[in-house]
Amino acid sequence: MFDIGFSELMVIGVVALIVIGPEKLPRVARTLGHLAGRLQRYVADVKADINREIELEELRKMRDSMQEAAADMQSSVQSELNKTEADLNKTVADVVQNKPEEKKPTAEEKKPAA
């Protein structure tokens with residue numbers, strides 16, 4: 001995050017020792033350490049939340065693409081079924097139209113021969 005070298009840390013430490021004093025310096029350093037830890041945890045939580053949101057968005061996109069693929073497959077299967085049904089109905093209608101009419105037996109043909 002910050003590019004601070006060892007020599008710069010030493011200068012900050014000497015200035016803090018002079019300004020704050022030797023009695024209060026350990027307490028201030030401890031407080032700064034706690035605050036730095038809280039800041040790191042907060043940044044880690046924010047990063048985790050962002051990563052979770054990104055993964056959730058990717059899952060939503062994947063779900064949408066799968067639903068779209070399923071809908072396309074369903075429509076193609078439905079269109080094939082409709083096409084096959086129409087072909088079968090046409091074939092049945094053609095067979096019924098071209099079928100020679102059966103001769104119906106008359107009353108005399110129904111009588112048994114005696």
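## A glutamate in helix α2

Glutamate 57 is partly exposed, with 37% relative accessible area. This residue of the predicted model forms a salt bridge with arginine 60, and the closest N and O atoms of the pair lie 3.7 Å apart. Arginine 60 is likewise assigned to the partly exposed class, at a relative accessible area of 39%. Both residues belong to helix α2, where three residues, or about one turn of the helix, separate them. An α-helix has 3.6 residues a turn, so residues three or four places apart point the same way.

## Further salt bridges

The count of salt bridges comes to three. One of them joins the side chains of arginine 52 and aspartate 49, with a distance of 2.7 Å from N to O. Arginine 52 and aspartate 49 are about one helical turn from each other because they stand three residues apart in helix α2. Aspartate 49 has a relative accessible area of 40% and is therefore partly exposed, given that this class lies between the limits of 20% and 50%.

Another salt bridge pairs aspartate 64 with arginine 63, and here the closest N and O atoms are 3.3 Å apart. Aspartate 64 counts as partly exposed at 38% relative accessibility. For arginine 63 the relative accessible area is 47%, which again means partly exposed.

## Overall architecture

The secondary structure of the protein consists of three helices and zero strands. Along the sequence, the pattern reads α-α-α. Helix α1 covers residues 6–20, a run of 15 residues. From the first C-alpha of α1 to the last, the helix reaches 21 Å, close to the 21 Å expected at 1.5 Å a residue. Helix α2 spans residues 25–98.

## Surface and burial

The protein has 114 residues, and 2% of them count as buried. In this classification, a residue is buried when its relative accessible area is under 20%. The accessible surface of the protein amounts to about 11,100 Å². Carbon and sulfur atoms account for 61% of that surface.

## The largest pocket

Rolling a probe the size of a water molecule over the atoms shows where empty space is left. In this protein, the largest pocket holds about 220 Å³ of space. Which residues line the largest pocket? The lining is made up of Leu9, Ala16, Ile20, Leu25, Val28, Ala29 and Leu32.

Helices α1 and α2 each supply at least two residues of this lining. The most comes from α2, which gives four residues to the lining of the largest pocket.

Definitions and conventions:
Residues are numbered from 1 along each chain as its sequence is written. This is a predicted model: local features need pLDDT of at least 70, side-chain atom pairs count only at pLDDT 80 or more; totals for chains, interfaces and linings use all residues. Side-chain values use heavy atoms; hydrogens and water are left out. The expected span of a helix is 1.5 Å times one less than its number of residues. Buried means under 20% relative accessible area, exposed over 50%, partly exposed in between (1.4 Å probe, protein chains only). Accessible areas come from the Shrake-Rupley method with a 1.4 Å probe; for residues, only the protein chains shown count as cover. On a 1 Å grid over the protein atoms alone, a cavity is a set of points where a 1.4 Å probe fits but cannot get out, and a pocket is an open set with protein on both sides within 12 Å along at least five of seven lines; lining residues have an atom within 4 Å of a point. Grid points are joined across faces, edges and corners, and a volume is the space filled by probe spheres set on the points. A salt bridge is a side-chain nitrogen of Lys or Arg within 4 Å of a carboxyl oxygen of Asp or Glu.
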